[in-house]
Amino acid sequence: MAASGRGLARAWGASRCPTWRQAHSEAGGHPKPEYDAVVIGAGHNGLVAAAYLQRLGVNTAVFERRHVIGGAAVTEEIIPGFKFSRASYLLSLLRPQIYTDLELKKHGLRLHLRNPYSFTPMLEEGAGGNVPRSLLLGTDMVQNQKQIAQFSQKDAQAFPRYEKFMNRLVSAIDPLLDAAPVDTAAFQHGSMLQRLKSLSTLKPLLKAGRTLGAQLPQYYQVFTAPIAKVLDQWFESEPLKATLATDAVIGAMMSPRTPGSGYVLLHHVMGGLEGTQGAWGYVQGGMGALSEAIARSAVAHGASIFTEKAVAKVQVSGEGRARGVVLQDGQEVRSRAVLSSASPQITFLKLAPQEWLPEGFTESIAQLDTQSPVTKINVAVDRLPSFLAAPNTPSGQPLPHHQCSVHLNCEDTLLLHQAFEDATNGLPSHSTPPTRWLEARSGMSRREMPTQTKNIFHCAMSLDQLYFARPVPLHSSYRCPLQGLYLCGSGAHPGGGVMGAAGRNAAHVVIRDLKSEGR
């Protein structure tokens, strides 16, 4: 396992990553007064952005307020003697190009495929003295069909067709993840040259349409309909539908019956691992080891990463252009570009001077839907859990279902819907009630709330906050009304999850802008 806590930043910088130590040593352990680009926050997107910028010759510094890097992808010793992936815990969505471009395996990344990937034990009385049933799904389609056949032969036959249908949609969406959205602002307000250049942003969208072809209406329904409606058209057994529907509500303040929940499911199945589409896996050393590998790649090319260096505000020149940041300790660091991997609200409502942003823009940012039902509780146990549907062996050795996601009280989509209703009514259930419930009952202010109660995607992954509306319409290309300031976190396209696409895409936009400006 990787080291954790304060020791992670210190030990990793000193022994496992001498190039980071050298970057500190060159400046006497302090930031230089000027860089080409500054990145706010050392979450995985910020680190990815820094790595790409530095690879392409843009001298970059990253400033992280905490003593560890990684944001949600961090490994820490939360309970004495136990190291946890503090927030994110699985890997699948990270873009394939990032693995290769940043040479993450060379920099220490080691992965373990999660197979099987889900286990749903039934809360039922075993018939005739038999143990209750359970549904175990993995990468072996034949075994999946055998498991599903316990509940429905029809569903067992339909499952391969459903997987093929969803995989085609994933293939169509895939190109959209690796490019900035259609530049609607350029089409509306740009010069003729800018409009012509922006035509290239239509290519991924047109390619997606060609891939879907005549089935586009059916796929459109996946985006817009409640996932419960979509699954009802494919399957009849509740255990299968509920197991699949959990991916439609992860991190989202919605029910399987909420319109648009189908896209959230799609977002969680569009990844892959080691050439296996849709696969998820564990990072050896916890998710913090992924952040370490990205950071090692960045510093190997010359980037500087500073922990315990919080940014207080973005500096703006008299001409209305971002020209660096001011740290909490008062130090000014100039740069030609500022990238923020913080949420849109923190970036534009707290760090950026309000007088340089249009009122309509800041109002739109303030109105973003950031509701989240997520609380992650890390628990240390003294033995593996034993289920009535799958009892432990006498020796207590791990069984296949111990290495995958276990879905408790999720054998029916109605239970998922009821959990959502409980949360919206201020009652704790599978979903956590909004922050106001926690404030009232914990005595903590909103600022003191644990990070787990904030939105893991920075803002909701609802249809009105996706693609060219993420974070807000006309500002989805990682740029904002303040020239020189860019958004590179999960609040930008294509959204949340440990994907890295927002960081990579934003870095390429910054490089194009710097070149076009001759800077």
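Biologist: Is Phe-348 buried or exposed in this model?

Modeller: This is a predicted model, and in it Phe-348 has a relative accessibility of 2%. A residue counts as buried when its relative accessible area is under 20%, so Phe-348 is classed as buried.

Biologist: Which kind of aromatic pair do Phe-348 and Phe-361 form?

Modeller: Phe-361 is buried too, with a relative accessible area of 6%. The ring centres of Phe-348 and Phe-361 are 5.0 Å apart, with 80 degrees between the planes. Planes over 60 degrees apart count as edge-to-face, so the pair of Phe-348 and Phe-361 is edge-to-face.

Biologist: How many residues apart in sequence are the parts that this pair ties together?

Modeller: Phe-348 belongs to helix H15 (residues 344-351), while Phe-361 belongs to helix H16 (residues 359-366). The pair therefore ties together parts whose separation in sequence is 13 residues.

Biologist: How are helix H6 and helix H10 oriented to each other, roughly parallel or roughly perpendicular?

Modeller: The axes of helix H6 (residues 153-177) and helix H10 (residues 216-224) come within 11 Å and cross at roughly 85 degrees. Because angles of 65 to 115 degrees are counted together in one class, H6 is described relative to H10 as roughly perpendicular.

Biologist: How many nonpolar residues does the contact of H6 with H10 include?

Modeller: On the H6 side, the contact involves Phe-165, Met-166, Arg-168, Leu-169 and Ile-173, which meet Gln-218, Tyr-219, Val-222 and Phe-223 in H10. Alongside 1 polar and 1 charged residue, the number of nonpolar residues in this contact is 7.

Note on methods:
Residues are numbered from 1 along each chain as its sequence is written. This is a predicted model: local features need pLDDT of at least 70, side-chain atom pairs count only at pLDDT 80 or more; totals for chains, interfaces and linings use all residues. Side-chain values use heavy atoms; hydrogens and water are left out. Axes are lines fitted to C-alpha atoms, for helices over the stretch in contact, and angles run from 0 to 180 degrees between N-to-C directions. Helices (H or I, at least four residues) and strands (E, at least two) are DSSP runs, numbered from the N terminus. Angles under 35 degrees count as roughly parallel, over 145 as roughly antiparallel, 65 to 115 as roughly perpendicular and the rest as oblique. Contact means heavy atoms within 4.5 Å. Ala, Val, Leu, Ile, Met, Phe, Trp, Tyr, Cys and Pro count as nonpolar, Asp, Glu, Lys and Arg as charged, and the others, Gly among them, as polar. Rings of Phe, Tyr and Trp (its six-membered ring) pair if their centres lie within 6.5 Å; planes under 30 degrees apart count as stacked, over 60 as edge-to-face and the rest as tilted. Buried means under 20% relative accessible area, exposed over 50%, partly exposed in between (1.4 Å probe, protein chains only).
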